[in-house]
Amino acid sequence: MTTIATVATLGLLLGGCANQAAAPGSTSTGAGGGSGLNLDIPVLTSIETPKDAVLPAGDGKAVCPASTTLAYIGAETGANAQLGINIFNGVQLAINEHNKSNPGCQVAFKKFDTEGDPTKATGPVTQATKEDGIIGVIGLPFSGESKATGNIFEQVKLVHITPAATNPGLTTNGWTTFFRGLGNDAVQGPAAATFMTKTMGAKKVYLVQDDSDYGIGLGATTTKGLGDALIGSDKVTTGQKDFSATISKIINSKADAVFYSGYYAEGAPFDQQLVAKGFKGAFVGPDGLKDDQFIKQAGDASANAFFTCPCIPGELIPTFASAYTALTNAAPGTYSIEGYDAATVLLSGIDKGNQDRAKLLDWVKNYDASGLSKHYKWDDKGELQAPAVYGYRVKDSKIVPIGAIG
């Protein structure tokens with residue numbers, strides 16, 4: 001795997017913080033009453049991308065049938081829609097760049113909205129699989145909907161690359177068409193645990209998980225990684241609005257950090273209510289929380305928030321960030337660069353003449369090249385080799401990267 005030098009170096013620096021005393025300006029916990037956390041973690045300002053990264057434009061000589069189509073299937077609406085919107089904007093950018101450079105191969109792009117709901121996802125997926133022109137899919141973003149629809153893709157041998165679904169069990173179903181474009185929660189959970197206990201110096205962590213496949217899976221791997229530092233846990237439900245019962249348990253536990261395993265639709269109001277009740281410690285969440293919508297919904301309470309994500313900060317890649325902003329009038333979000341890279345994998349296959357479902361599936365199975373975010377090479381289960389996890393924090397009401405954490 002091609003290394004990202006600046007990120008890796010910072011990761012070592014962060015690891016070195018583990019055995020140091022809290023830096024000046026560190027925040028002491030109020031509810032926890034324990035030793036101060038080290039929250040004075042530097043912000044990452046640049047990264048080095050692979051010099052051999054494959055880009056959507058290719059050589060400009062591609063030729064393909066007019067019916068050639070890629071699809072995004074996932075949330076366009078719903079409580080956590082922004083995570084899906086980030087992805088299809090990245091996909092749209094890749095297809096735009098490809099089509100601009102390849103007049104002989106104009107790849108069409110279709111979007112199918114699942115609302116991020118496993119019970120609603122089967123319909124859009126079935127519809128997409130029945131359209132013969134669709135030979136590859138980017139999606140689905142969420143683990144629950146991916147679990148509910150994997151067999152549908154498998155029956156028609158339609159390749160799909162998820163830029164976001166991280167439940168480890170998704171690659172244990174025997175599917176040959178499912179590929180994960182980032183690390184799973186068996187990687188993210190231990191990294192999050194180490195980040196809290198070593199880099200931040202948390203001695204008492206309270207874990208709260210939602211009832212999604214994503215939240216349950218990540219909660220389990222993070223729990224295992226925390227070991228004796230875990231002093232309590234609780235569960236909440238999708239759509240929950242009042243978290244007072246769980247917050248009382250956290251305050252009574254004197255936790256100095258809380259890890260929330262779930263999505264921002266519940267995580268943001270939970271953090272807001274937690275801070276309102278006097279919690280002074282760190283609020284740490286995974287990629288499902290890492291979006292500007294979290295800050296908008298949590299308000300000033302979000303100042304205590306940190307995030308872990310098996311995703312690279314695309315906003316620090318100047319060429320990608322400027323093109324993305326020109327397209328969307330917004331900075332790249334969580335999974336934008338992963339969506340772009342996943343589309344590039346499929347587009348490069350089309351350009352090489354893999355222009356039906358069987359050939360494009362075989363192309364992805366044997367893919368071995370760098371994208372802007374990472375090196376893409378999958379094992380026989382559809383998992384990436386050597387994926388990395390990154391840390392982020394809220395600073396001045398913005399989510400900013402702090403480097404590699406695992």
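A search of the whole structure finds 17 aromatic pairs, where rings of Phe, Tyr and Trp (its six-membered ring) pair if their centres lie within 6.5 Å, planes under 30 degrees apart counting as stacked, over 60 as edge-to-face and the rest as tilted. One of these joins Phe-320 and Tyr-324, whose ring centres are 5.7 Å apart and whose planes stand at 40 degrees, so the pair is tilted. The structure is a predicted model, in which local features need pLDDT of at least 70 and side-chain atom pairs count only at pLDDT 80 or more, while totals for chains, interfaces and linings use all residues. Residues are numbered from 1 along each chain as its sequence is written, and side-chain values use heavy atoms, with hydrogens and water left out.

Phe-320 and Tyr-324 both belong to helix α10 (residues 318–328) and are four residues apart, about one turn of the helix; helices (H or I, at least four residues) and strands (E, at least two) are DSSP runs, numbered from the N terminus. Phe-320 is buried at 2% relative accessible area, and Tyr-324 is buried at 1%. Here buried means under 20% relative accessible area, exposed over 50%, and partly exposed in between (1.4 Å probe, protein chains only). Elsewhere, Phe-243, Tyr-260, Phe-270, Phe-283, Phe-294 and Phe-307 form one aromatic cluster.

Rings also meet charges. The charged end of Lys-111 sits over the ring of Phe-88, 5.2 Å from its centre, and that of Lys-290 sits over the ring of Tyr-392 at 4.4 Å from its centre. The criterion is that NZ of Lys or CZ of Arg is within 6 Å of the ring centre and within 35 degrees of the ring normal.

The path now turns to strand β3 (residues 134–139). Six of its six residues are buried, so the strand is largely enclosed by the rest of the structure. Strand β1 (residues 69–74) pairs with β3 in the parallel sense over five bridges; two strands pair if DSSP finds at least two bridges between them. Within this pairing, Tyr-72 stands opposite Ile-138 in β3. Two bridges join β3 to strand β4 (residues 160–162), and these strands run parallel, with Ile-138 opposite Ile-161 in β4.

Together, β3, helix α4 (residues 143–156) and β4 make a right-handed β-α-β unit; a crossover is right-handed if, with the strands pointing away from the viewer, the path from the first strand over the helix to the second runs clockwise. His-160 lies in strand β4 and is buried at 2% relative accessibility. Leaving aside residues up to four places away in sequence, His-160 touches Val-137, Gly-139, Phe-153, Thr-177, Phe-178 and Phe-179, contact meaning heavy atoms within 4.5 Å.

Salt bridges number nine, each being a side-chain nitrogen of Lys or Arg within 4 Å of a carboxyl oxygen of Asp or Glu. Among them, Asp-234 and Lys-249 meet at 3.3 Å, N to O. Asp-234 lies in strand β7 (residues 230–235) and Lys-249 in helix α7 (residues 244–253), so the pair ties together parts that are 15 residues apart in sequence. Asp-234 is buried, with a relative accessible area of 16%, whereas Lys-249 is partly exposed at 42%.

Glu-338 forms a salt bridge with Lys-374, the closest N and O atoms being 3.4 Å apart. This pair links distant parts of the chain, with Glu-338 in helix α11 (residues 336–351) and Lys-374 in the loop between β11 (369–370) and β12 (375–376), 36 residues apart. Both Glu-338 and Lys-374 are buried.
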